[in-house]
Amino acid sequence: RSSGRSELRRSVRSTVETRVNRVRRRSRRILVEIGKTVLLTACVAVVASMLIFAYNFVIVSPYFQMKETLVRGTERLQTDAVVELTGLRPSQNILMTNLGAVARKVKANPWVKDVSVRRDFPDRLVIEVTERKPAALVERGDGLYFIERDGTAFEKITAGEKTDLPVLTGFYRKGVENREMILKSLELLDFMASYTEVPEIRHVSEIHGDDLFGLSLFAEGLCLKLGFGDFDAKLRRLKPVLADLARRNLSGHFIIDLNNPGKVTVQHREFRVPVKVTGGVRA
């Protein structure tokens, strides 16, 4: 009986010691985790303080204050006008500048086709501008507009502005644009730019479009009716016609219908010839 009680006491003691050891181990783990958490929190606080300090230093540091705005790629636009569009301040921090917003402001100008903005550290902003290249002027209901080779009309000509660009007329009727004919007329201008067979018609002043008769080209006192295409073959018939007029000692304004190369007709008469554009009107 005494032996049984001894075994019971040993069993109880063993159980108690096991539980105490288990509690001690768990307490140590908890203390270790608490220590890790405190250390991590302290590290985060230190890093955050360093970042805040670095951020504030960068913001107020004169090292990153913008000292120059460099504009590239402009021909028509003035550098000062582009810089004014950006709304940038001379001492503005280059790192805090919203490049996308700057690009959108510059692109608001109708002469700007594309723009990119980048930082040139430590204190310069570079704006690369791609300007629109007008191929002609196109007549609309409210005046003349610059138009690109792809048919995009982008800016109305201002009062007093002069240009030697050819004028496209007859392509807007009742507010509706005949885009197909506009593109065809621009194609004709491209062809004429490299056409050397007849020097007398190198300087095109106007191309007039007609839904029924096609395109008519005005150049150096001549009105050439060319229809809707095959311009090369039609213009080949012009050289002997001009030679015949010279041989007959005829001068003045001529309407020459080349629409049917097999049957060219010539009329000697006066017609309106646009010579230049000034103040938004043809003179």
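Does Leu31 count as buried or exposed, and at what relative accessibility?

1. In this predicted model, Leu31 has a relative accessibility of 59% and therefore counts as exposed, since the cut-off for that class is over 50%. The residue belongs to helix H1, which spans residues 2-60.

2. For the protein chain as a whole, the secondary structure consists of six helices and 17 strands. Of its 283 residues, 33% are buried. The accessible surface amounts to about 17,800 Å², and carbon and sulfur atoms account for 55% of that area.

3. Regarding contacts in the protein chain with a separation of 6 or more, 50% are between residues 24 or more positions apart.

4. Helix H6 covers residues 238-247, and its buried residues are Leu238, Val241, Leu242 and Leu245. Viewed down the axis of H6, these buried residues fall within an arc of 95°, so they line one face of the helix.

5. The packing partners of the buried H6 residues are helix H5 (231-236) and the strands S13 (222-227), S14 (254-257) and S15 (265-268).

6. A backbone detail follows the helix: just after H6, Asn249 adopts a positive phi of about 60°.

How values were computed
Residues are numbered from 1 along each chain as its sequence is written. This is a predicted model: local features need pLDDT of at least 70, side-chain atom pairs count only at pLDDT 80 or more; totals for chains, interfaces and linings use all residues. Side-chain values use heavy atoms; hydrogens and water are left out. Helices (H or I, at least four residues) and strands (E, at least two) are DSSP runs, numbered from the N terminus. Buried means under 20% relative accessible area, exposed over 50%, partly exposed in between (1.4 Å probe, protein chains only). Contact means heavy atoms within 4.5 Å. Accessible areas come from the Shrake-Rupley method with a 1.4 Å probe; for residues, only the protein chains shown count as cover. The arc is that of the directions from the helix axis to the C-beta atoms.
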